[in-house]
Amino acid sequence: MEKNFVSAEEFLQHRYTLPTPAPSLPLPDEPDIDLKTLEKPYSNITVDAINAVEAGNSPFYIPLTASDWLNKSQLIRVHHALVLYEISKVFGSVREHPLDEILADAIGQIAAFGDFRAERQKLFFGLDGDRCDGRLKNYCQTVAPEERPKVYRAVGKALDMIEDEVNATRNYFDRFRLLACRSIEETLHKTPRTSRKKFAARKYFWGVVA
């Protein structure tokens, strides 16, 4: 049976819209976390690879040990799973799409490293220009194969564009809204349509508060 693919342009337009009124959710009881994955480095990235990326950001960087990186990997994984849970509760479902993964990984990065970095995310995605040999490929299977390099380039450029914006947004609820409610295409064309409605006051149960 022939598979129906979408164009890169259509794929990059995916975004979420906050319901009105913004929901006040109950705290989740059993987030979907595979405990076996907590024993592995995030995205199967070696400690040498993550150190190489981090060292490029600061001449004063102290390299992580394998144990340090495993601890940070656990933080990223837990926050990643919890954010996907939030997406499913707020928007009704989760899509296997780069937008969802950028949001979940961004919150995980901030929990583990204290900031969001585009180069770190590209490493997690296995992204290098218009080529990809890692996770990002898994989220682009609905795109026509000849169109996927366009998606890879767009995601890389969008990551560079949002880095400062994400780090400058000090409120975690606003980060969630920013990254979920603006498509990659909108980011590239600098036409944000993010809703200004606030989430009802509540705390994320993993300890990150507004």
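A charge counts as sitting over a ring if NZ of Lys or CZ of Arg is within 6 Å of the ring centre and within 35 degrees of the ring normal. In this predicted model, K72 meets that rule over the face of F113, at 4.9 Å from the ring centre. Residues are numbered from 1 along each chain as its sequence is written. Because the model is predicted, local features need pLDDT of at least 70 and side-chain atom pairs count only at pLDDT 80 or more, while totals for chains, interfaces and linings use all residues; side-chain values use heavy atoms, with hydrogens and water left out.

**Overall layout**

- The chain holds 8 helices and 2 strands. Helices (H or I, at least four residues) and strands (E, at least two) are DSSP runs, numbered from the N terminus.
- Along the sequence, the elements run α-α-α-α-α-β-β-α-α-α.
- Of the 210 residues in the chain, 49% are buried. Buried means under 20% relative accessible area, exposed means over 50%, and partly exposed lies in between (1.4 Å probe, protein chains only).

- The model has 5 aromatic pairs. Rings of Phe, Tyr and Trp (its six-membered ring) pair if their centres lie within 6.5 Å; planes under 30 degrees apart count as stacked, over 60 as edge-to-face and the rest as tilted.
- W69 and F113 form a tilted pair, because their ring centres are 6.3 Å apart and their planes meet at 40°. This pair joins distant parts of the chain: W69 is in helix α3 (residues 66-91) and F113 is in helix α4 (residues 98-113), 44 residues apart. Both W69 and F113 are buried.
- W69 and F124 form a stacked pair, because their ring centres are 6.3 Å apart and their planes are at 20°. This pair also links distant parts of the chain, with W69 in helix α3 and F124 in helix α5 (residues 118-125), 55 residues apart. Both W69 and F124 are buried.
- One aromatic cluster takes in Y42, W69, F113 and F124.
- The ring of F113 has the charged end of R120 over it, 3.9 Å from its centre. K72 lies over the face of F113 as well, at 4.9 Å from the ring centre.

- The expected span of a helix is 1.5 Å times one less than its number of residues.
- α3 has 26 residues and should therefore span 38 Å; its end C-alpha atoms are 37 Å apart, which agrees. G92 follows α3 and has a positive phi, near 95°.
- α4 has 16 residues and should therefore span 22 Å; its end C-alpha atoms are 21 Å apart, which agrees. α4 is mostly covered, with 15 of its 16 residues buried. G114 follows α4 and has a positive phi, near 90°.

**The largest cavity**

- The whole structure contains 2 cavities of 30 Å³ or more. On a 1 Å grid over the protein atoms alone, a cavity is a set of points where a 1.4 Å probe fits but cannot get out, and lining residues have an atom within 4 Å of a point.
- The largest cavity holds about 120 Å³ of space. Grid points are joined across faces, edges and corners, and a volume is the space filled by probe spheres set on the points.
- Its lining has 13 residues, and L99, I162, L179, R182 and T187 lie nearest the centre.
- α4, α6 (148-168), α7 (172-180) and α8 (184-188) each give at least two residues to this lining. The largest share, 5 residues, comes from α6.
- By class, the lining has 9 nonpolar, 2 polar and 2 charged residues. Ala, Val, Leu, Ile, Met, Phe, Trp, Tyr, Cys and Pro count as nonpolar, Asp, Glu, Lys and Arg as charged, and the others, Gly among them, as polar.

**Loop residues**

- Most residues other than glycine have a negative phi.
- S43 has a positive phi near 55° and is not a glycine. S43 lies in the loop between α1 (8-11) and α2 (47-55). S43 counts as buried, at 19% relative accessibility.
- N44 is not a glycine either, and its phi is positive, about 60°. N44 is in the loop between α1 and α2. N44 counts as exposed, at 63% relative accessibility.
- G56 sits in the loop between α2 and α3. G56 is exposed, with a relative accessible area of 68%.

Terms used
On a 1 Å grid over the protein atoms alone, a cavity is a set of points where a 1.4 Å probe fits but cannot get out, and a pocket is an open set with protein on both sides within 12 Å along at least five of seven lines; lining residues have an atom within 4 Å of a point.
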